[in-house]
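Please read it with the viewer open.

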Amino acid sequence: MKALLNWLDSRTGYKNLLHEALNEPIPGGARWRYITGSMLTFCFVVQAITGLFLWSGYAPSTQTAWESVYYIQNEMFYGWLLRGIHHFAAQAMMVVLGLHFLQVVWDGAYRAPREVNFWLGLVLMQIVIGLSLTGYLLPWDQKGYYATKVATNIAGATPLIGQQVQAIAQGGSAYGHHTLTRFFALHAGLLPALLVGFLALHIYVFRRHGITVHKSAEGKPVGKFWPTQVLYDAVGCLVVLAAVLILTWTRGAELSAPADPGEDFPARPEWYFLFLFRFLEFEAISRLGVAFGAIIVPGIVMTLIFLMPFIGKSKFGHQLNRWSLVVLLVGVAALTALTIYEDNHNESHQAKLKFAERDAHRIVELARREGIPQNGARELLVRDPYSQGPRLFARHCSSCHRFDGHDGTGQHILKAVLDAEGKPVKGAHGNLSEEEPATAADLKDFGSREWVLRVLTDYDKTFAPMKNAGEKGQRFLDGEMAGWCRENKAVLSDPTNAGSVTALVEFLAAQSGRADHGTFDEKLVAAGKDIFEEGALKSGTLSSGCVDCHAMKAVGETESLGDGAGSGYPTLTGYAGSDWLKRFLRTPGHADFYGDNNVMLAFDTLRLSDDELDLLVKWMTGDYYHTQKK
Amino acid sequence: MADQPVESSPSCESSSPCQHSVSCHPLEPRRGFLAQVGAIVIGGLVGLVPFVAGTLCFLDPILRKRDSGTGTDGFQRAANLAELPEDGTPERFTLRADVTDAWTIYRNRVLGSVYLRKIGTQVIAFNDTCTHLGCKVDYQASNKRFFCPCHQSAFNLDGEKQNQTPPRNMDVLEVEVRGEEVFVKYQNFFTARPDKKAI
């Protein structure tokens, strides 16, 4: 063995190299404060290893990028772990980079003769920022897509050459296949190669000048890199790795829904760029233009940092550098905290995040169940009632109706309230606004047993918003059905009649033929049918049977129970079922529905295409794939 | 000031005497040993973890337990029974199925084609790939035989080889008649070998 190693050494000189590497003198001995450089190198090595493996499963195109990342994350063996490490180690790298930078400036390690190495470090910092920026887009999910759009639009705001820079980065005038292939080439090719090159120079120059020794270490014995400092470095790396693994285990690398240019997303940059995002939002800054806040100011700051070795020549200059950096970092931290605080207290933003999360979960469920079509996973969401229903409701229905108090997607319908001077008044929802009153019923669980019961026993409350719908709306509250409900309120709420009411509700709810309401009790339905016709409850009688006004052919029967009282008394055949609802939405003013009393807009094919109608109704009637609960 | 940088004077090698004002003490032997072991163990560990995670994922093709598939038994519908000639003449049919490639599912994709023969109440299915070198075998009605245009392999109606070109008879596939429909379990086999081995 020894002979073999000697042979190898005589051919390669590896012992000398090893000796050189491990016996680097450390004046004053090993110290914990020297570990940040090694930790950064470690982060990069982790990224290179995991990145190469991820590369083997990644397919950069707009129809395969998200899909392949989904596959790594959810299907491949320990893919979640691999991607999680890459995802969180990237963030850890930013933290360690900040520490390393802070330490270098604080300890004055940027001063002569180490100026060049300081600049090399700044170049490395830019490369790392470039890596995180390009990497963010690669999964081609909503989050990465919209956040990166902001970045390329900022590039587009560069004076003079902006448009060209943006077009070159995007590979065209808009995002597409070439945006991904270019970003991927940068992320996995050019930038890592540059990083390796500059890192080699950085370490070479560092070794040339040696460690910047702390004054307190002067006069203490000179130690060596091996083994104590190596141990300290290794422990530092272990801490980074542990943090990365814990985050991977507890949170996992996020993957939002596939990028969709037509679908809004509550975009925020990755947390370490939040300060810049918030900075640009200041009115005073945004008034000066994007280029000022996003390019000129950061450019000036970077230039000042670049000049630190010159500024720091004097004692005063060094203190200036130190404290400027502290002020800068405190400012960054404050802006970051401010953004997080504001976002957490922004109800609308939180609702959007929640809805985006709903999409993210849903698409994985659909992809697992149905497989991903050739055109990409987005198609699965686009034709999924559970995903599209709330959006269609928000777009078409929520100007009058509500869904559990919101617009279907979780947003409250708000309006600004102005005071006497025309200034907005701060309301319950923070954003200077208050709830816009609905003008039609809240349609959560429309057609369910609960809904039917509510209509019968609490008609006034169910349709209370109609009072905001003008004279025609008021008719619904003063009309015959409202009157019937008031007349029969005592009978219907009599505890001895609870069974009868349940039966009537069961009968009416069963008309929809919906599958998601569970099985209907046949005995109850039959009993309910009698009440529907005759109006006889266990104790007492309804002032009139339902058939006296409502036409109805009960589900599964061919004979009509009644022909109704004429136009404007809604037909209840298949009430709240898919066909009933579709016909109602298309023609609410038809004699079979509200007739002349109708206040609702008719959703003809110009307003709502057949596909959209289908999606909306399927969502409202629960006709979609339901999450299987284990 | 507490942190003036001090130029280090490199050299603290066991072979040469220390140039520092204070002589360098080698670490206490036991502590030094522990530090060495610790550095190697922890250093190795942190390097290994990302590599192991990557390797596990890379070995996905052999490590992951796959679902039993689409839930079908591997049989695909090939034809209606009525489409087969009563006199036993072979007829070629194309088989289609949903095919999954990693994350993408291709609907109704052509898997391949087979010859079906109806003999009495039985149906025989041949894979139409030549057992010689994988060309598609044609049925020659005039000679009532299967014939491969590439290297003249010839088979009779029962799929038995009629010359020395092919290494074995035509490959028979499993067939099931379900009601009025013929289902075939489509498989391909290695060519150019005397035994029938599924790919």
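1. Basis. This is a predicted model, in which local features need pLDDT of at least 70, side-chain atom pairs count only at pLDDT 80 or more, and totals for chains, interfaces and linings use all residues. Residues are numbered from 1 along each chain as its sequence is written, while chains are lettered from A and ligands numbered from 1 in the order in which they are written.

2. Make-up of chain B. Chain B has two helices and nine strands. Helices (H or I, at least four residues) and strands (E, at least two) are DSSP runs, numbered from the N terminus. The order from the N terminus is α-α-β-β-β-β-β-β-β-β-β. Of its 199 residues, 24% are buried (20 or more other C-beta atoms within 10 Å of the residue's own, C-beta atoms being placed from the backbone).

3. Domains. Chain B is assigned domain 1 (29–63) and domain 2 (75–185). The bounds come from an automatic or database domain assignment. The C-alpha centres of these two domains of chain B are 55 Å apart.

4. Contact between chains. 44 residues of chain B are in contact with 51 residues of chain A (C-beta atoms, placed from the backbone, within 7 Å). On the chain B side, the elements giving two or more residues are α1 (29–58), α2 (60–63) and β3 (104–119). α1(B) gives the most, with 16 residues. This side of chain B holds 27 nonpolar, 13 polar and four charged residues. Here Ala, Val, Leu, Ile, Met, Phe, Trp, Tyr, Cys and Pro count as nonpolar, Asp, Glu, Lys and Arg as charged, and the others, Gly among them, as polar.

5. Three-stranded sheet. An open sheet in chain B has the order β5-β6-β7, with antiparallel pairing (strands pair if DSSP finds at least two bridges between them). β5 (138–140) and β7 (154–155) of chain B are at the edges with a single partner strand each, so one side of each has no neighbour in the sheet. Three bridges join β5(B) to β6 (residues 145–147) of chain B. B:Asp138 has B:Phe147 as its bridge partner in β6(B).

6. Pairings of β8(B). Which strands pair with β8 (residues 172–178) of chain B? One is β4 (residues 122–127) of chain B, antiparallel, through two bridges. There B:Phe126 stands opposite B:Val172. Another is β9 (residues 181–185) of chain B, also antiparallel, through five bridges. B:Glu174 faces B:Lys185 in that pairing. The hairpin of β8(B) and β9(B) has two residues between the strands, and B:Gly179 takes a positive phi near 65 degrees.

7. Helices α24(A) and α25(A). The axes of α24 (residues 498–510) and α25 (residues 522–534) of chain A come within 7 Å and cross at roughly 95 degrees. Axes are lines fitted to C-alpha atoms, for helices over the stretch in contact, with angles from 0 to 180 degrees between N-to-C directions. The two helices, α24(A) and α25(A), are therefore roughly perpendicular (65 to 115 degrees). The contact includes A:Leu504 and A:Phe507 of α24(A) and A:Ile531 of α25(A). Its residues divide into ten nonpolar, three polar and two charged.

8. Helices α18(A) and α27(A). α18 (residues 385–397) and α27 (residues 610–620) of chain A have axes that come within 8 Å and cross at roughly 105 degrees. Among the residues that meet are A:Tyr386 and A:Phe393 in α18(A) and A:Leu616 and A:Trp619 in α27(A). This contact has eight nonpolar, two polar and two charged residues.

Terms used: Contact = placed C-beta atoms within 7 Å. Buried ≥ 20, exposed ≤ 12 C-beta atoms within 10 Å, placed from the backbone. Parallel < 35°, antiparallel > 145°, perpendicular 65-115°, else oblique.
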